[in-house]
Amino acid sequence: MSSQDDGAANLGPQMVVTNWALDLVCGVFLGLRVYCKLSRRRKLWWDDHFLIASWITLIISTAATTVSASHGFGRHRVTLSKEAITATTLLQNISSTFSITASAWSKTSFALTMLRLVEPPTTYLIWFAIITINATKAASGTVAWISCTPLHKAWLPYSEGTCWDKRSVAYYNLFSGVYSGVMDLLLALLPWRIIMGMRMRWRERAGIAVALSLGVFAAVTAFIKCSRIPTMFGGDFTYEGVSLVTWGAAETATTIMAASIPMLRVLVCEATRSEEERWRKRVGFVVEMEGNKIIPLPVDDEVELRELGDGKRLPELAAKLVADGPVKHERANRRVRAQFGGQWVFDTLDAVFVWEHPYCTVYTEGRDPNVGFWEGSKEVADRRIKFVSFTRGALDEWFVEDEKILGTHPKDPYKRIDCYSSEREVRIEIDGVVVARSRNNVFLHETGLRARYYLPPTSISTENGVLLVSSDTSTLCPYKGQASYYHLEVKGKRLEDAIWYYKYPTNESLQIQNRICFYNERVDVFVDGRKEEK
């Protein structure tokens, strides 16, 4: 190639097309992530907001790069006028700042997602990664604007003044980029430790872990970008720096896609679901039980499927039961009745306890070998189904013999409530302020759950400015009764529904009548001076 042809070389158009393509592709992934969440009636969380903000700043960075390319960025520096070099310097400083910000926020989003899956001490490690990534990235974005004296020389290169050695700036950016890549690898490996400890089938665990580990590709792009950083202290950055700008955009785009792909599992499952499975999701599930095996059967009527309290949709629960069967089941040996819309839905002596989860029981009627899992309208009850599993909240009232069951589910026959009077001192604190103190307590132990400490109402430390405010919240528990709540205010800080009490508890829990109990998870609880875990 002749020197004249080399001088006319222009990488700007190629850079602009590549960067906008990256923005578009990662924007599609981000849009699908948001769609999957909103379509399942899930609110966007901080990780979503950071990811959206990252994409917006990436768009701004690409826009600045596009304008810079129109002024000559992508061409050899010797072919540009002073005005063009000044314009490209300013625009690339702007582009670089937004690109670095987009990178930091995209990694913050992924780390915040991990925070929702882990417990201490792993949470401290993730917070360390979030803080240090943002700190190093902020320093990189700031250096471009403060590296000269006077400051304006940083974007007006032909003005009088001095600047830091370009190599020093490049070396710091190299450190920041490598550190960012290492943190990407750390966050990519964490899911394996988390997911593999969950109670799921191995293939499901591995699939989710791989999806959450796609951040390794962000680490790869980060390291490739670092290999282009030496172009910063070359004499032809307007031409040689194109690859650095492109890989910078690729790093953020890859992180956005890696953070979005795990959320797209809903769409993948829907696309790969067979026609029969789609139909089954539309109309609900009826299954036949043979021992511990459950076989799908067709249903004639439409069933309204609503999201259950634990966040799982009914078809997903039914699919799990079809695949794995219930945890266990056994005969109830009692008369069970239920009402819906003021009418008796069933009255049976052949009820069966079914543990769909280790912690959950439902009643089913056991005379006919057909069982349907549903939650919906009265029309469903008119179907020719005699052996039916009713989800929590599906019916209005439950009765065992002639006694009404409180709450939305039957009692687990293997769970019990034990109440013990105790003179051990219980002290409740919030941010070091004593809220309550008592030696006249009732310790309530419920099978499988942590101990709860019920204190007399007079234990509240009013001298510390503690105020109880009545709440409209009310909950039902089949073991303890109907609970009422108080909001707790301490020196201007308000905790919603932090205290509950039972005005009319069940017989087995009479000892806690009118006593107050604090959420151990939201306050500091000390028993005989020893702090309880939250």
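Colleague: Is W155 buried, partly exposed or exposed?
Modeller: Bear in mind that this is a predicted model. The relative accessibility of W155 comes to 25%. Buried would need under 20% and exposed over 50%, so W155 is partly exposed.

Colleague: Which class of aromatic pair do W145 and W155 form?
Modeller: Nine aromatic pairs turn up in the structure. For W145 and W155, the centres are 5.6 Å apart and the planes make an angle of 55 degrees. Stacked takes under 30 degrees and edge-to-face over 60, so this pair is tilted.

Colleague: How many residues apart are W145 and W155?
Modeller: W145 belongs to helix α5 (residues 122-146). W155 is in the loop between β1 (148-149) and β2 (162-163), so the pair links distant parts of the chain, with a separation of 10 residues.

Colleague: Which ring has K82 over its face?
Modeller: There are charges over rings here, one of them being R337 over the face of F399, at 5.7 Å from the ring centre. K82 sits 5.2 Å from the centre of its ring, and that ring is Y158.

Colleague: Which side chain makes a polar contact with that of E429?
Modeller: E429 is in strand β15 (residues 426-430). Its relative accessible area is 13%, under the 20% limit, so E429 counts as buried. Leaving out residues up to four places away in sequence, E429 touches V434, V435, V523, D524 and F526. The polar contact, at 2.8 Å, is with the side chain of R427.

Key: Residues numbered from 1 in each chain as written. Predicted model: local features only at pLDDT ≥ 70, side-chain atom pairs only at ≥ 80, totals over all residues. Heavy atoms only, no water. Phe/Tyr/Trp six-rings, centres within 6.5 Å; stacked < 30°, edge-to-face > 60°. Helix = DSSP H or I, 4+ residues; strand = E, 2+ residues; numbered from the N terminus. Buried < 20%, exposed > 50% of the residue type's maximum accessible area, 1.4 Å probe, protein only. Lys NZ or Arg CZ within 6 Å of the ring centre and 35° of its normal. Polar contact = N/O pair within 3.5 Å; in protein donor to acceptor, adjacent residues only side chain to side chain. Contact = heavy atoms within 4.5 Å.
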